[in-house]
Each structure stands twice: as C-alpha cells, then as structure tokens.
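Subject: Structure handover and findings

Dear colleague,

Here is the structure I said I would pass on. My notes on what was found in it follow below.

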There are 2 protein chains.
Amino acid sequence: MSRISGFSKLTKLEKIDWLSKHYLSEYPDAKTIIQQYWNSNEALQKLHDEFTENTISNYYLPLGVAPNFKIDHQLYAIPMAIEESSVIAAASKAAKFWLDKGGFKTEILGTTKVGHVHFNYKGSTEQLITFFESIKSKLIAETNSITKNMEKRGGGIKDIKLINKTEALENYYQLYCTFETVDAMGANFINSCLEQFGQTLEAEAKSYKAFTEEGYFPEVIMCILSNYVPGCLVRAEVSCPTSLLGETQEEALKFVQKFTQAIKIAEIEPYRAVTHNKGIMNGVDAVVLATGNDFRAVEAGVHAYASRRGQYSSLTHVSVKNDEFKFWIELPLALGTIGGLTSLHPLVKLSMALLKQPSAEELMRITAVAGLAQNFAAVNSLVTTGIQKGHMKMHLMNILNQFEANAEEREKAVEYFKTHTVTHSEVINLLEKLRAE
Amino acid sequence: MSRISGFSKLTKLEKIDWLSKHYLSEYPDAKTIIQQYWNSNEALQKLHDEFTENTISNYYLPLGVAPNFKIDHQLYAIPMAIEESSVIAAASKAAKFWLDKGGFKTEILGTTKVGHVHFNYKGSTEQLITFFESIKSKLIAETNSITKNMEKRGGGIKDIKLINKTEALENYYQLYCTFETVDAMGANFINSCLEQFGQTLEAEAKSYKAFTEEGYFPEVIMCILSNYVPGCLVRAEVSCPTSLLGETQEEALKFVQKFTQAIKIAEIEPYRAVTHNKGIMNGVDAVVLATGNDFRAVEAGVHAYASRRGQYSSLTHVSVKNDEFKFWIELPLALGTIGGLTSLHPLVKLSMALLKQPSAEELMRITAVAGLAQNFAAVNSLVTTGIQKGHMKMHLMNILNQFEANAEEREKAVEYFKTHTVTHSEVINLLEKLRAE
C-alpha cells in the first residue's frame with residue numbers, strides 16, 4: 001500500500017508494475033491476467049487505452065444480439081452489451097412473442113434538451129429582467145462559432161429564459177436554456193454554449209449602468225447541461241386481444257389479471273417500482289452501452305422521471321379495454337448516434353451498422369422498445385413461474401464454470417436441474433457428489 | 001432484415017454468419033471486426049461467452065486505476081471500468097487533494113436488504129393477520145435448505161411483516177421481508193427465500209379453516225427482492241479547515257462560497273440534482289462494474305433514494321462551521337464481494353485483489369468514496385474553470401483518433417489547444433488546415 005506522484009505520467013507497463021509491486025504482491029499472476037485481456041492489434045489497443053486515463057486493460061462485457069424485434073413494421077436484431085445472464089434471452093423471448101401480434105409501435109414525443117447557467121444576484125429582480133432582455137440576442141450571437149455546425153444539421157439553441165429561483169434559495173437565478181441537438185447527444189455542444197452564455201452574462205453585466213449604480217452584479221456559479229430531459233421523450237407500446245395471452249381463455253384471463261395487478265403494484269409501491277424499473281434498465285442500458293452512449297446520464301434522467309409526481313413509480317403502464325390488452329412505456333432518452341464514442345469504438349460502429357445506421361430518434365425508439373420488452377418478459381416470469389427458475393437456469397452455466405466442471409459434469413448437471421431448483425449450494429452439492437463417485 | 005427461429009441454438013459463428021447475411025451485408029468487415037475482439041485463449045473466451053446469451057464478442061470498457069485514495073487511514077488504488085474520459089483523472093485528482101487533509105472517513109449505517117411477497121386477498125384483514133401469525137414460524141422453517149449456508153456465514157432472514165396496502169390498491173397485501181446477506185449481494189438468496197415464502201403461504205392457506213369458510217384465499221402475484229435499500233446505507237465524508245481550500249485566504253473563501261452554493265442548488269433544483277448525481281454515479285458505477293456488481297440495481301436504488309423526500313435532490317451535502325469545511329454523501333449500496341460474477345470474471349478477481357479482498361462493507365465504503373471524490377472534482381471544476389476545459393482536453397485524443405491523426409498532427413493539435421477551446425469542429429478545422437499545408 002503506497003502513495004504515488006505522477007502515476008498518470010507512467011507508461012501502461014510502468015503503471016502495472018507499480019500496482020503489482022505495491023498492491024498485488026500476493027497475486028503473482030496479476031500482470032499475466034491484465035495482459036491476457038489486451039488486444040493483439042497494437043493500434044486497436046492504443047485506441048482503447050486512450051478512451052480514458054490510467055487504462056491498464058480491457059474490461060469485457062458480453063456483446064450479444066436479440067433478434068426478431070419488429071418495431072414500427074421494421075425488423076431489428078438489437079445489439080446488447082450486458083453482463084447479467086438472462087437479459088438477452090428475455091429480450092429475445094419477448095421480441096418473438098410480439099412478432100406475430102403486430103410488434104412494437106413507437107412515437108417520439110419530444111427531442112428538447114436542457115441546460116442552465118446557474119447564478120447569484122443580490123440586486124432587484126426588475127433590473128435583472130430588463131438586463132436579460134437587453135442582452136438575450138447577444139447571448140445567442142456570441143455562441144455563433146459554437147452553433148454554426150449544429151445549425152447546418154438542423155439543430156441549435158431553441159430558447160433562453162430567465163428564471164427567478166430566489167424563493168427556493170437566496171439570490172439564486174437561472175438562465176434556463178433549451179436545445180435541439182439532432183443526432184448528437186449534445187453534451188459538449190450544450191456545455192460549450194452554456195459556458196459562453198455565462199461569460200457573456202458576466203461581461204455585459206460589468207458595463208451595465210444599473211448594476212454599477214446598484215453595486216450588485218450577477219455572479220455565475222456554474223454552467224451545465226441537465227441530464228433530466230422530460231422534453232426528450234419516447235413512447236413504445238404493444239397491444240393485442242387478451243385472448244392471445246394464454247393457451248386457453250381461462251389461462252389468458254388469469255394472466256391478464258395478474259399482470260395488470262403486478263403493474264399496478266409497481267405504480268403505487270416504490271419498493272417494487274425500483275426493481276420493476278431496474279429490469280427495464282437492464283434492456284435500456286444494454287443498448288445504450290452497445291451504441292456507445294452514456295448509461296449514467298440515461299439512468300439519472302430516467303429514474304428522476306420516475307419520481308416526477310412526488311413518489312417514485314413505475315415507468316410502464318397497462319390497460320385492458322374491450323378485451324384489448326395494451327402495455328406501454330414513456331422514457332426520457334437523450335441519445336446520440338454521432339459524436340462521442342459512436343464513431344470511435346469499432347464495436348459501437350458495428351452496433352450502429354446492425355441497426356442500419358439509426359438516427360438519434362430511431363435509436364430512442366429501439367432503446368425504449370428494449371426496455372418495454374425486458375419489462376414484459378420479467379413481469380411475465382414473475383406472475384407465472386417466478387423469476388428464479390429461468391434466471392438460475394441461465395446462471396447454472398456460470399456456477400459450473402466457476403467450479404471448472406468438465407463436459408460430463410456439465411451434462412449431468414443440466415439433466416439434474418431440469419427437475420430440481422438451481423441454487424448455488426445445490427450445484428456445489430451435486431458437483432461434490434459427482435466427483436466423489 | 002429477417003426473422004429467425006432458434007437463433008440461440010446456433011453456434012457463435014453461425015449467429016455471426018446469419019447476422020452478416022441478413023443485417024450486415026453492406027458492412028463486409030463486420031465478421032473480422034467481431035472476431036478481432038475475441039480473446040486468443042479459447043477457454044477464457046468460452047467463459048466470457050457463457051456469461052450471457054447470444055454472445056458474439058467482447059465489448060471493451062477501459063479498465064483503469066485511480067491511486068492515492070486514503071479511506072479510514074488505509075491507502076487504496078481503486079479499479080474503475082468506465083468509457084467516459086476524465087472520470088478516472090478526476091477521481092485521481094480528488095484522491096490526491098484529500099490525501100494530505102486526512103483522507104476520506106466512512107461509516108456503515110446499515111446492511112439490511114429487503115424483499116416482498118406481493119399478494120391479493122379479498123377476505124377480512126383480521127383473518128389474514130391471525131393466519132399470518134400462525135404460519136410465520138413455518139414460513140421461516142420451510143426456507144431451511146436455502147438459508148442454512150447463509151446462516152453459517154452470519155446472515156439469513158431478519159424478519160417478516162404483514163403489510164396492509166389495501167388503501168393504496170384494492171386487495172393488495174405484502175409480506176415485507178428483511179435479510180442480512182453478509183458479503184453476498186444476495187439477489188438469488190433473497191428471491192429463493194421469497195418464492196418459498198410464497199409457496200408456503202398459498203399451501204398453508206388452502207387448509208386454513210377460516211379461509212375455506214370465507215371462500216377467499218390469498219393469491220400470490222409475485223415474489224421479488226427490492227433494489228430500493230435505504231437500510232443498506234454507507235456514509236463517506238471529507239473535511240478540512242476552509243483555509244486549505246485556496247492558495248490565498250480570499251481564494252479559499254470564494255471557493256467555499258461558490259462550492260456551497262453549487263451544492264445548495266443541487267439540493268433544491270431537480271434539473272441540477274440529476275446531473276449532479278449522474279456525476280457521482282460516474283465514480284460509483286465504475287467501481288461497481290470493475291468489481292462485478294450490478295450497476296442497474298445500484299443506479300435504481302440510489303436515484304430512488306435521491307427522490308425519497310418527494311422532490312429529486314442531491315446525494316451530497318456540505319456544511320461550513322467554525323471555518324471547518326465538511327462534505328459528505330449517504331448512499332444506499334447493496335454490493336457483493338462473493339457470488340455472482342465476483343469469483344468468475346478474471347478481471348473482477350483482479351479488482352478484488354487490488355482492493356485487498358474487501359468485505360461487502362469495505363466495498364460499500366470504497367464505492368461511496370469514489371462517488372464523493374467524483375462529485376468533489378466535478379463541482380470543483382464547475383465553480384472554477386468550468387467543466388468543458390478539462391473534459392475537452394481529455395476528449396481531444398479521442399477526436400484525433402477518430403480522424404486518424406498522425407504523430408506530428410497530434411503534437412501540433414495538443415500545442416494549439418493549450419491556448420484555444422477544444423470543440424469537435426475546431427479540431428476538424430485544425431486538422432484540415434494542417435493537411436492542406
């Protein structure tokens with residue numbers, strides 16, 4: 001255990017040697033394991049090393065594909081990067097289930113993104129309003145070098161509003177700014193615009209007579225986009241006659257009743273809503289990751305949206321009217337299909353090719369569908385066989401790998417667990433028994 | 001574009017061939033790119049393929065290390081798996097800053113996990129209460145085969161309560177169950193217990209006289225753990241005299257004033273809180289991923305916790321008293337250091353070795369610290385230089401890679417952007433100019 005100066009300046013091998021010496025001395029294979037994950041193509045490895053700082057290796061997430069997704073009459077095979085077993089299987093199963101029932105229908109409800117200049121000001125609000133109106137066109141004009149390319153693509157700054165927040169916090173005001181960023185997620189564009197707004201605001205204020213007379217000037221605290229994007233919203237839906245939801249009329253009715261109750265529980269019980277939405281995000285994040293988008297941004301915006309009415313609640317909803325079952329989701333999703341990692345990570349490029357080079361709006365539709373499909377599959381399992389049966393079957397392979405089961409042991413285990421419940425200790429017991437034979 | 005039956009049954013190569021033919025025909029390099037990411041060690045690749053379903057390749061996330069974290073008087077080099085540039089750099093910078101100011105102090109506030117049997121019941125609540133009391137010990141007894149190993153490790157079922165939720169939703173009741181899962185995240189353990197509770201509940205109800213007389217029986221809707229874990233909570237904190245927060249007394253005061261205002265803004269403005277907490281999760285998720293934990297579970301629980309008072313709010317807080325600056329976070333974190341991927345993914349094992357084989361509680365402490373450090377670094381940048389300067393410097397390398405800049409072009413670009421603002425279009429302009437020379 002040791003401190004170090006200039007770690008980031010070391011070469012990758014020097015970093016690994018330092019870690020080996022100071023933190024991994026009891027783990028002599030460390031260096032071999034780290035290097036085993038390097039790509040043999042040096043240029044490709046260098047590309048990945050430079051994505052971030054102090055990189056020592058490549059962390060593998062499985063990249064899989066869920067085929068048979070029919071979305072707005074188009075078929076997709078959706079790339080998903082995720083480590084959790086059963087997520088891709090569940091997505092594929094839901095896709096197949098809805099394939100012959102009209103598939104998924106989607107709608108873009110908005111594409112507006114948001115950012116703020118947060119600032120303090122101690123003087124009179126009227127003065128500030130007058131000042132803001134007088135500089136509003138200049139705020140926009142001075143971002144010209146930042147916005148010109150975005151405008152060519154049909155995007156740009158939509159509006160800037162002055163918001164008085166002094167009732168919530170002393171002296172606190174905002175420039176509330178809205179943006180259209182077309183196919184880019186737009187974080188860098190928005191933050192660059194906002195920082196320029198902040199600079200213009202402070203510079204103009206300095207020479208504004210009323211402020212000089214008052215002795216109070218606006219002071220910028222920070223300029224930053226918001227990952228809360230309720231105006232960048234997509235809806236996805238499935239529907240079918242209730243009779244298609246079971247082998248028999250009775251089974252279908254039972255399923256609809258239990259499924260509906262499960263969704264209603266997630267609407268009113270936050271403890272359930274959190275896990276319900278977590279399952280949705282299994283699907284959403286897998287697509288977000290595979291397409292080089294930022295899952296932390298998406299997660300934060302989605303969960304805040306789930307709490308927008310004051311109590312954390314379900315993101316999916318269900319209705320049954322005239323024997324028509326309808327199940328839908330509304331998700332705020334600020335995604336990009338250009339910029340960032342999208343044109344940089346070769347497997348992200350591959351994912352984009354697999355999705356036929358989607359626009360940001362198309363990617364919003366696909367991602368929302370992945371979330372809805374995941375939720376349908378999860379709730380379906382929960383109200384019928386229970387979640388553990390399918391999940392543990394998937395996890396069985398992982399446990400067998402962990403104990404380095406050979407081909408014969410694996411075969412016997414699969415056979416045995418066709419009629420027994422998979423638990424971690426039951427798998428160990430079985431292996432011990434097989435090995436003692 | 002095509003549908004397929006039995007995709008999951010195909011071999012990996014057959015899957016790739018099918019995708020190449022039906023979705024990637026305009027992308028002839030697809031197969032080469034997919035295979036370029038395979039590990040040359042076949043057994044290792046097989047291990048990763050079996051983590052989930054329909055795996056075609058390994059999605060690389062950079063695995064980096066942030067050294068110099070002093071946590072409760074112990075030094076750590078923290079493994080972080082994250083694709084976003086500047087996250088690891090920011091963590092390292094914050095770690096270094098606090099290293100000589102006492103480092104990070106942490107406290108475990110609870111380790112209780114939660115799950116529910118959600119069920120319907122139309123009869124009298126009094127009957128149900130009497131029934132529940134009569135079967136409570138049996139509910140626990142019948143999970144014996146599931147709990148015995150957990151109990152050996154000091155964990156198990158803590159309590160089962162019957163909750164009447166009929167005011168929120170007709171006929172809806174819960175068994176609200178609490179668990180201690182020690183060093184396991186415990187999802188499989190908890191879900192297995194809950195499904196057994198559900199089975200026992202329904203089986204016992206069938207022969208319960210009062211229900212038979214009434215004609216109403218409890219009907220289980222679903223049995224599932226909750227990822228909302230406000231009882232599994234860790235606190236992390238830094239503190240120092242305010243005078244240490246700037247080169248001069250004036251600079252320190254200014255910093256403290258702006259930093260404090262930035263945190264207070266995140267406390268009262270959900271638009272800001274979402275991005276504020278997103279930055280925290282950059283640090284948290286990077287550790288969660290590197291240690292083989294489930295970031296969707298953590299994200300859902302954390303953001304729901306951020307909305308627990310009815311308005312989505314900041315996870316970090318600040319106080320200044322008697323010239324003492326204190327900055328802290330409280331995070332619900334259900335993490336495991338055994339089970340799941342932790343003993344399976346060789347790089348997760350490496351991460352655990354780097355952290356000196358932490359207990360789940362130690363990993364909670366480390367992860368919360370990574371979140372707090374990330375937030376300190378982000379807010380520090382925001383209230384001083386702005387976020388773009390540092391971020392775009394980091395991103396410059398990515399843009400240069402994208403346009404395949406050679407060594408000379410890279411050197412000139414780095415030099416040029418020492419005095420100019422990095423934007424995507426400015427980098428392109430510069431490269432075009434260099435290439436036209």
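Which strands of chain B does helix α5 lie across? Helix α5 (residues 125-141) of chain B lies across β4 (113-120), β5 and β6 of chain B, and runs at about 170° to β5(B). Helices (H or I, at least four residues) and strands (E, at least two) are DSSP runs, numbered from the N terminus. Axes are lines fitted to C-alpha atoms, for helices over the stretch in contact, and angles run from 0 to 180 degrees between N-to-C directions.

Some conventions before the rest. The model is predicted, local features need pLDDT of at least 70, side-chain atom pairs count only at pLDDT 80 or more, and totals for chains, interfaces and linings use all residues. Residues are numbered from 1 along each chain as its sequence is written, chains are lettered from A and ligands numbered from 1 in the order in which they are written, and side-chain values use heavy atoms, with hydrogens and water left out.

The open sheet in chain B has four strands in the order β5-β6-β4-β7, with antiparallel pairing. Two strands count as paired if DSSP finds at least two bridges between them. β5 (156-164) and β7 (219-226) of chain B stand at the edges with a single partner strand each, so one side of each has no neighbour in the sheet. From one strand to the next the twist averages 20°. β5(B) and strand β6 (residues 172-180) of chain B run antiparallel and are joined by eight bridges; I157(B) has F179(B) as its bridge partner in β6(B).

The two chains

Chain A overall

Chain A has 16 helices and 10 strands, and its C-alpha atoms fill a box of roughly 90 × 70 × 40 Å along the principal axes. Of its 437 residues, 61% are buried. Buried means under 20% relative accessible area, exposed over 50%, partly exposed in between (1.4 Å probe, protein chains only). For contacts in chain A between residues at least 6 apart in sequence, 70% join residues at least 24 apart.

The domain assignment of chain A gives domain 1 (7-49), domain 2 (63-110 + 230-384), domain 3 (113-225) and domain 4 (391-436). These bounds come from an automatic or database domain assignment. The centres of domain 1 and domain 2 of chain A, taken over C-alpha atoms, are separated by 38 Å.

Buried elements

Strand β2 (residues 74-81) of chain A has seven of its eight residues buried, so the rest of the structure largely encloses it. Strand β1 (residues 55-71) of chain A pairs with β2(A) in the antiparallel sense over seven bridges, and I71(A) has Q74(A) as its bridge partner. Their hairpin has two residues between the strands, and D72(A) takes a positive phi near 50° there.

In strand β8 (residues 233-241) of chain B, eight of the nine residues are buried, so this strand too is largely enclosed by the rest of the structure. Bridge partners include K105(B) with E237(B) and A236(B) with I329(B).

Helix α12 (residues 346-354) of chain B is largely enclosed as well, because eight of its nine residues are buried. Just after α12(B), K356(B) takes a positive phi of about 60°.

A290(A)

Is A290(A) buried or exposed? A290(A) is buried, with a relative accessible area of 0%. A290(A) lies in helix α10 (residues 270-290) of chain A. Leaving out residues up to four places away in sequence, A290(A) touches several residues, among them L63(A), M80(A), S351(A) and Y59(B).

Regards

Terms used: Contact = heavy atoms within 4.5 Å.
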